[in-house]
Amino acid sequence: MNTSQMIRIFAGAFIMISLALGAPGSPLFVSQNWLWFTLFVGANLFQSAFTDWCPMMTVLRKLGVKEG
């Protein structure tokens, strides 16, 4: 698996988890403050479309995931 695939996997997982923890109707609801994390991930995805950089990419490179 390459960095592009891993970034999409992590972003999707982070969004689903934070929505499950932040949506009041969810059985896993903890606090609506988790929705701020959803916003953070979405904003990073948006800016990475223009800059071709995101924080997760740096982490994955340091962990040795191959470029893609």
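## Salt bridge

In this predicted model, the salt-bridge count comes to 1. The partners are Arg-61 and Glu-67, whose closest N and O atoms lie 2.5 Å apart. As a general point, side chains of opposite charge can pair when their charged atoms come close.

How exposed are the two partners? Arg-61 has 40% relative accessibility, so this residue counts as partly exposed. Glu-67, at 47% relative accessibility, also counts as partly exposed. Both values fall between the 20% limit for buried and the 50% limit for exposed.

## The largest pocket

The largest pocket holds about 210 Å³. It is lined by 13 residues, and those closest to its centre are Phe-14, Val-41, Asn-44, Cys-54 and Met-56. Three helices, α1 (3–22), α2 (34–51) and α3 (55–62), each give two or more residues to this lining.

Which element provides the largest share of the lining? That is α2, with 6 residues. By residue type, the lining of the largest pocket has 11 nonpolar residues and 2 polar ones, with no charged residue among them.

## The nonpolar core and Cys-54

Now for the nonpolar side chains. The largest nonpolar core has 5 residues: Met-6, Ile-7, Cys-54, Met-57 and Leu-60.

With neighbours within four places in sequence left aside, Cys-54 is in contact with Ile-7, Gln-47 and Ser-48.

Note on methods:
Residues are numbered from 1 along each chain as its sequence is written. This is a predicted model: local features need pLDDT of at least 70, side-chain atom pairs count only at pLDDT 80 or more; totals for chains, interfaces and linings use all residues. Side-chain values use heavy atoms; hydrogens and water are left out. A salt bridge is a side-chain nitrogen of Lys or Arg within 4 Å of a carboxyl oxygen of Asp or Glu. Buried means under 20% relative accessible area, exposed over 50%, partly exposed in between (1.4 Å probe, protein chains only). On a 1 Å grid over the protein atoms alone, a cavity is a set of points where a 1.4 Å probe fits but cannot get out, and a pocket is an open set with protein on both sides within 12 Å along at least five of seven lines; lining residues have an atom within 4 Å of a point. Grid points are joined across faces, edges and corners, and a volume is the space filled by probe spheres set on the points. Helices (H or I, at least four residues) and strands (E, at least two) are DSSP runs, numbered from the N terminus. Ala, Val, Leu, Ile, Met, Phe, Trp, Tyr, Cys and Pro count as nonpolar, Asp, Glu, Lys and Arg as charged, and the others, Gly among them, as polar. A nonpolar core is a set of buried Ala, Val, Leu, Ile, Met, Phe, Trp, Tyr and Cys residues joined through side-chain atoms within 4.5 Å. Contact means heavy atoms within 4.5 Å.
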